[in-house]
Amino acid sequence: MNQIVLKEDVMTANPARKVKLGVSGINKTFRIRNANGQPSSLLPVLRDIRFDVYENEVVSLIGESGCGKTTLLRTIQGLVRHDSGTISVDGKEVKGAGRDRGFVFQQPSLLPWRTARENVEFGLELQGMAAGERAERAKRLLALVGLGHAAEQFPHQLSGGMQQRIGLARALAIDPTILLMDEPFSALDAQTREVLQKELLRIQAETRKTILFVTHDLDEAIYLSNRIIVLGAKPGRVKEVITLPFSGERPELPVMRGDPEFQAIRTRIWDLIRSTPANS
Ligand SMILES: Nc1ncnc2c1ncn2[C@@H]1O[C@H](COP(=O)(O)OP(=O)(O)OP(=O)(O)O)[C@@H](O)[C@H]1O
């Protein structure tokens, strides 16, 4: 394996690759209100966030709790309005939510009265897709996430891991350019989590989706990503971008954990997260 590449200039490192997601100069401050609903203070959460995510890349956002990871992901999704800066998809600025960005949540929040297939079809129904076409697509995606056999089951009949697979199929159903994933595996037990991490790599290799992934878990970030963006806190800002030296098919996570290079990257990220001053 190669050397770890640290402090990479993401704007110049891969000039030949197509930028799928551009995040440029994003600032966000929340206005905090008191019990009477009056504005009482300002909370700067994101400061001058800038990075690109390239086609077919998996990039993780990592940083201490409260540093603004979810706010950033929701800003990119278009559901939180930023104060300044631009978000672009395929080179075009986007304002508000769009079908080019699919979202996978920590809790899949499936509709309990709908079967797995009907949950996957939901977004397609809203788009007005014909019944036959959407059933066909849902069937294909359920097979992709390994749930072809459970299409007609209801969420309460499925395990947490199976529900999360449906959440992923539902997000993929609208055929987004970019998949935004907010701690999608953090509510799962360790074993299920490792299975789904591996599955995500397989699904990404098959679909070649560009993925921006939020996690607290350093090993998960190193295992899944091509690059990791380490955020500092208060307000959230890009501290460092780490390009991972692993290419091709990755061994299982427990095997990778034994790799000295994996351990060195882990230590490096951990040091970066810990060195965030409390009120910088
Ligand atoms: N709608 C909101 N109004 C006011 N403050 C908010 C709002 N949403 C988030 N915040 C604050 O913004 C900061 C960043 O929150 P955010 O959830 O983005 O962090 P995070 O890094 O995702 O945290 P965690 O890792 O714990 O999920 C926190 O201080 C949070 O309390």
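1. Six bridges link strand E9 (residues 227–232) with E10, and the two strands run antiparallel. Isoleucine 228 is placed opposite isoleucine 242, which belongs to E10. The model is a predicted one, and the points below should be read with that in mind.

2. E9 and E10 belong to an open sheet of six strands, whose order is E6-E7-E8-E3-E9-E10. The pairing in this sheet is mixed. Which strands lie at the edge? They are E6 (101–104) and E10 (237–243), each of which pairs on one side only. On average, and with direction ignored, neighbouring strands of the sheet are turned by 20° against each other.

3. A helix lies across part of this sheet. Helix H5 (residues 160–173) lies across E6 and strand E7 (178–182). Relative to E6, H5 runs at about 170°.

4. Another set of pairings involves strand E4. E4 (residues 84–89) pairs with strand E1 (residues 19–33) over five bridges, in the antiparallel sense. Within this pairing, glycine 22 has serine 88 of E4 as its bridge partner.

5. E4 is also joined to strand E5 (residues 92–93) by two bridges, and these strands run antiparallel. Which residue of E5 is the bridge partner of valine 89? It is lysine 92.

Notes: Residues numbered from 1 in each chain as written. Predicted model: local features only at pLDDT ≥ 70, side-chain atom pairs only at ≥ 80, totals over all residues. Heavy atoms only, no water. Pairing = 2+ DSSP bridges. Helix = DSSP H or I, 4+ residues; strand = E, 2+ residues; numbered from the N terminus. Axes fitted to C-alpha atoms, helices over the stretch in contact; angles between N-to-C directions. Contact = heavy atoms within 4.5 Å.
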